[in-house]
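Let's take a walk through this structure together.

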Protein chains: 2
Amino acid sequence: MMTTIKDVANYANVSVATVSRVLNNKGYISKTAEEAVLKAIKELDYRPNSVARSLYHKTSNMIGLLMPDITNPFFPELARAVEDVAMSYGYTVVFCNTDEEMEKEKTYFEALKQKYVDGMILTTSNMDSTKYDEFDIPLVALDRIISERIPTVVSENKKGAMEATQHLIERDCKYIAHLRGPVGVRPADDRYNGFIEIAEKEGIGYVTADTQFSIELAEEKTLELFQSHPEIDGIFASSDVTAAGAMHALFKLNKQVPQDVKIVGFDGIPLGTMLVPSLTTIQQSIYKMGEKATQLLIDQIEQKAIDTYYHEFPTSLVVRHTT
Amino acid sequence: MMTTIKDVANYANVSVATVSRVLNNKGYISKTAEEAVLKAIKELDYRPNSVARSLYHKTSNMIGLLMPDITNPFFPELARAVEDVAMSYGYTVVFCNTDEEMEKEKTYFEALKQKYVDGMILTTSNMDSTKYDEFDIPLVALDRIISERIPTVVSENKKGAMEATQHLIERDCKYIAHLRGPVGVRPADDRYNGFIEIAEKEGIGYVTADTQFSIELAEEKTLELFQSHPEIDGIFASSDVTAAGAMHALFKLNKQVPQDVKIVGFDGIPLGTMLVPSLTTIQQSIYKMGEKATQLLIDQIEQKAIDTYYHEFPTSLVVRHTT
DNA sequence: CTGAAAGCGCTAACAT
DNA sequence: ATGTTAGCGCTTTCAG
């Protein structure tokens, strides 16, 4: 059976209190007592029960990671980063796919709180933003902006979008389409605004279409776009997956990339390099963002002071073969 | 502060035992008592503390998912399936990337056991297989074969590989290369054996090269292969990612796909459809396998009898544009 | 320096 | 039908 602190105490001929003390390196312990306990622990292959600890401390050494869908290729790298740093601090991560549904989000929130998770990283937010403030538990917003009271880690989305658009114009595009991401999702909105700003400033023609982060929808929308605007010669997609969808549409339409139409994506996921031609994109520091967010969360959990609440990571244009 | 069962009991003027009874629908409760308790629960917005429950029951309603690397595109869909069914049964999943390192695997195993996880799904196994039997906790092997005592869910890897090879031969390939997956990993070995069996039987020329599930390595190995065997006109890759690597190599070598060289992958991940030309592959029922594995795990946890220990899912050849 | 004992929140005998 | 109480395994006063 599982060996408990009591077993160790008996074996070492001390009280459980003493065992607890050596376990946690707290309070005075005589050299001899310590040695006896250490020996007992080893002999019995004892490992403290973390549930019991949790009950007392009201902490669990677990953090929750809420995201829309791990199946979206943007998230695995993020999740990996979170898990890596969590692990390095002795935290364990439970992961939750919300599909952007408020109900699922709520359910998870409750479930995780009951499990005393020490904090959560949110890469999705569909509840009223004030709701989050009510839950008094450390939170970090990642690739989302929820409220000023929640530490936030995002990319320079607007700047990146501006750069992408500029690049298309430099490559001589005269009529650019923007495949916009979900309306209301801040990073997608920022990219949209960046696009509009440059397009207006440079005075070129443009259209936009709403998409989700789905390849099929992107393909469909692109097809539609070309039906109404055959003059399109450049596409700025709100994500690399969307860009892949656009490329499929172009293939169907018998348009050459980059000769007839140039494309820039956004994200910098591995997919981009696998496409042929490989995708020009705005690279985000996905892994680093995940690390930073987790670090911020753990800092909160461990009551360390958080200097800055808002962290923007630079993006960079990676020119490959679609432009 | 958090409201406890005691608060509810006081508020409803009953004992904690009564509250516990209505909570768990166990034992006799009078209609009036029940109503009072229900009302108290609602008024106080009480939610039972699952850590306390865990401590008593030695269960946690959590399951662990050990996998090599969520960043490998084979795993997100699997993880999603696991999470979906876990969630539907009220379980929460903690996920762990082991990078195929035995040390990490051990660390997680210990950590999860201490948290009383109710069971684990293993899509990675690097410890001595007898080790797993020692840990007396429900286990399921997914896309891996560990021991007969552990319920197992895999694809018909050998059969799929045979079909792939046969397809290449039917498409007139005379000299086929197999990019083999990690030696010692059962599904990869099975695919290798399936390939060899058909190649021998049909008496065609072939070579093999060892790869991991990494795109870069696959590209490199393919380059090497063509240096020593320029007559290669067909490639059977052990995974779609590997196939993508091969395609990159071919692009560099100025070989046309499928005219000069035909390629078949294995897995059927979304990547395959995004490639140009899109990838012919052996499709696995990834999501279904994840579902089945989770179902098997939960059955064990809930002490339901498990009929079959070994589950093989059929694969299917999906012919796209690389052959 | 060490031990006894209370308590974290909940469940399940055992009484009543 | 309901309450009392003893744990689950651990931590932390509080005495000594």
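To talk about helix packing, we need axes: these are lines fitted to C-alpha atoms, for helices over the stretch in contact, and angles run from 0 to 180 degrees between N-to-C directions. Helices (H or I, at least four residues) and strands (E, at least two) are DSSP runs, numbered from the N terminus. You're looking at a predicted model, where local features need pLDDT of at least 70 and side-chain atom pairs count only at pLDDT 80 or more, while totals for chains, interfaces and linings use all residues. Residues are numbered from 1 along each chain as its sequence is written, chains are lettered from A and ligands numbered from 1 in the order in which they are written, and side-chain values use heavy atoms, leaving out hydrogens and water.

Now find helix H5 (residues 75–88) and helix H13 (residues 286–301) in chain B: their axes lie 8 Å apart, at an angle of about 40°. That makes H5(B) oblique to H13(B), as angles under 35 degrees count as roughly parallel, over 145 as roughly antiparallel, 65 to 115 as roughly perpendicular and the rest as oblique. Residues in contact (heavy atoms within 4.5 Å) include B:Leu78 and B:Val82 of H5(B), and B:Tyr287 and B:Ile298 of H13(B).

Over to the rings. Phe, Tyr and Trp rings (for Trp, the six-membered one) pair if their centres lie within 6.5 Å; planes under 30 degrees apart count as stacked, over 60 as edge-to-face and the rest as tilted. There are eleven aromatic pairs over all chains. One of them, A:Phe236 with A:Phe266, is tilted, at 6.4 Å centre to centre and 50° between the planes. This pair links distant parts of the chain, 30 residues apart: A:Phe236 sits in strand E8 (residues 234–237) of chain A and A:Phe266 in strand E9 (residues 262–267) of chain A.
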